[in-house]
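Hi,

Here is the structure I promised to pass on. Please have a look at it first, and then read my notes below.

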Amino acid sequence: SETREAFLAASTQAVIQRLREQERELERLHRVEKERAAHTERLSEAVTRNMPTGLLLVNANGLVTMANPAASTALGVGAMSYRRYSEVLGPESALTRLLASCLQDGRTYQREEVDHRTASGETRHLGVTISPTYAASPAGSTVQARPSGALCLLSDLTELTALQRQIRLQENMAALGEMSAGIAHEFKN
């Protein structure tokens with residue numbers, strides 16, 4: 001009987017010891033996972049903050065939930081977070097209409113070009129890609145819900161557009177010069 005009790009006590013101690021070891025391992029794994037998640041979040045934030053393309057996230061309620069510095073620069077607006085996109089961009093702007101369509105109908109716009117008037121009155125020519133975002137649907141659900149938001153990528157094409165116009169104007173002037181020289185030559189003949 002004493003041997004049996006000693007055996008049970010030893011077995012219980014061994015089980016308790018194993019449980020403590022497993023608990024320590026779980027704590028270690030949890031700590032590693034938290035560190036990995038924090039690292040991923042920092043990396044994602046750094047990429048978003050430093051990317052040259054403007055990034056704007058809008059939720060289903062029409063609030064800007066995130067805007068990187070490139071978006072602020074392209075739109076000429078600072079402090080956009082948690083303001084209505086229509087207020088930030090202007091209710092009549094082409095960008096507001098595209099975002100509204102994306103949020104209501106789930107439409108995607110790729111490589112659109114729009115003119116945007118900043119609060120300071122400057123007109124910017126923007127390259128825009130807008131796509132809807134969706135919340136994760138329950139397992140097995142095939143119903144496509146309304147978008148949970150919209151993701152908007154912006155590139156300021158203002159200088160590029162001005163350069164293209166200047167090149168076209170120079171090409172037209174060169175062609176006009178050639179034509180004038182040809183007409184003058186014909187007059188001489």
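Two strands count as paired if DSSP finds at least two bridges between them; strands themselves are DSSP runs of E, at least two residues long, numbered from the N terminus. Please keep in mind that this is a predicted model.

First, the overall picture. The protein has 5 helices and 5 strands, and from the N terminus on they follow the order α-β-β-α-α-α-β-β-β-α. Of its 189 residues, 25% are buried. Among contacts between residues at least 6 apart in sequence, 42% join residues at least 24 apart.

Why is strand 1 largely enclosed by the rest of the structure? Buried means under 20% relative accessible area, and 5 of the 6 residues in strand 1 (residues 54-59) are buried, so the rest of the structure largely encloses it.

Strand 1 also has two pairings to look at:

- With strand 5 (residues 149-156), strand 1 runs antiparallel, and 6 bridges join the two. Here leucine 55 stands opposite leucine 153 of strand 5.
- With strand 2 (residues 64-67), strand 1 is again antiparallel, joined by 3 bridges. In this pairing, leucine 56 stands opposite alanine 67 of strand 2.

Strand 1 and strand 2 form a hairpin with 4 residues between the strands, and in it glycine 62 takes a positive phi near 85°.

Best wishes

Notes
Residues numbered from 1 in each chain as written. Predicted model: local features only at pLDDT ≥ 70, side-chain atom pairs only at ≥ 80, totals over all residues. Heavy atoms only, no water. Buried < 20%, exposed > 50% of the residue type's maximum accessible area, 1.4 Å probe, protein only. Contact = heavy atoms within 4.5 Å.
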